[in-house]
Amino acid sequence: MIKAEWFYWLVGGVLLAMSAQMLADRTNPRRLGTAAFWGLLGAGFCYGTWVADGSAPPEPLGAAVLVMACLAGFGLTGRGTPRTAGPERRAAGARRHGNALFVPALAIPAVALVCAVGLKRLSVGGQPVLQKGSETVLGLGVGAVVALVLGMVMLRERRLSVPLHAGRSMLESAGWAMLLPQMLATLGAIFADAGVGKQVGRLTAAVLPEGSVFLAVVVYCCGMFLFTAVMGNGFAAFPVMTAAVGWPVLVEQAHGNAAAVLAVGMLAGFCGALVTPMAANYNLIPAALLELTDPYGPIKAQLPTAFVLLGCNIGIMSVFAV
């Protein structure tokens with residue numbers, strides 16, 4: 001059986017290899033801090049296996065996160081000059097391959113879909129080929145490996161160090177913001193365990209007029225919007241607002257369609273992701289990678305769309321879900 005832990009080990013190994021490259025790159029004035037930041041992350045992916053099975057204490061992982069926060073917060077990470085193809089060679093390759101360059105990128109979701117839907121039911125000797133419950137994660141990992149092989153074959157690149165250098169260039173360009181979604185998703189789980197959703201539910205019940213379904217819809221959608229804007233992740237906001245309003249008020253009391261209510265509620269949360277720098281993977285990282293003069297340009301461009309979509313979601317939920 002192919003286990004999800006193998007994918008995490010692969011991610012950790014790649015990060016450790018890139019960390020070694022960063023340490024050897026003397027063009028980066030902050031190479032020690034940069035290498036330490038990404039090296040700690042890579043080591044955490046590997047060490048987490050033993051934390052998950054209870055054979056190792058979790059405290060070192062917490063200490064590593066604090067060290068990483070200090071390295072990023074005090075500006076001890078930077079960007080070097082990786083050994084990759086120059087602009088002329090890239091332009092020539094783009095002209096030669098054209099739209100075929102999208103094939104490796106499209107291979108990732110295609111392989112992930114095959115693994116999540118097709119291979120999910122495949123078993124050998126009574127055992128599933130992919131670890132149960134982790135088919136999508138494993139599909140993503142297998143898809144990434146397939147995309148790497150396709151890219152190297154298409155570009156006739158034989159040295160594995162070249163894609164590693166290109167990958168670590170992307171890490172250095174995006175910096176600490178690359179990890180913000182992962183940290184915020186953890187924050188959402190902490191909020192849920194701490195009972196934030198229940199407290200918000202009590203406040204909502206005290207304020208909402210009894211029987212006002214439309215107002216409850218507005219509170220749920222706007223709450224998803226605001227919590228997502230604060231935490232930067234719709235999946236982190238979802239358990240909080242659903243426990244507070246979505247399930248107890250709209251589903252149990254108003255007898256709304258659970259699937260429709262929760263799906264549209266998540267879409268309302270995604271509207272909040274369009275307007276916040278906390279959603280770094282949507283807003284800050286693309287601006288950094290594209291070297292935009294205004295790092296908040298994507299947010300400014302998305303503001304009108306976000307509020308229009310929020311209104312549409314409120315209307316759709318009111319008419320079709322409850």
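## A predicted chain of helices

Residues are numbered from 1 along each chain as its sequence is written, and side-chain values use heavy atoms, with hydrogens and water left out.

The protein chain has 14 helices and two strands, which are DSSP runs numbered from the N terminus (helices: H or I, at least four residues; strands: E, at least two). Of its 322 residues, 36% count as buried, where buried means under 20% relative accessible area, exposed means over 50%, and partly exposed lies in between (1.4 Å probe, protein chains only).

Helix H10 covers residues 213-231, and its end C-alpha atoms are 26 Å apart, in agreement with the 27 Å that its 19 residues should span at 1.5 Å a residue; the expected span is 1.5 Å times one less than the number of residues. Among the buried residues of H10 are Tyr220, Cys221 and Phe225, and just after the helix glycine 232 takes a positive phi of about 75°.

| Residue | Relative accessible area | Class |
|---|---|---|
| Cysteine 115 | 4% | buried |
| Cysteine 312 | 41% | partly exposed |

The structure holds zero disulfides, a disulfide being a pair of cysteine sulfur atoms within 2.5 Å. The sulfur of cysteine 312 is 8.5 Å from the closest cysteine sulfur, in cysteine 271, and is therefore too far away for a bond.

Methods
This is a predicted model: local features need pLDDT of at least 70, side-chain atom pairs count only at pLDDT 80 or more; totals for chains, interfaces and linings use all residues.
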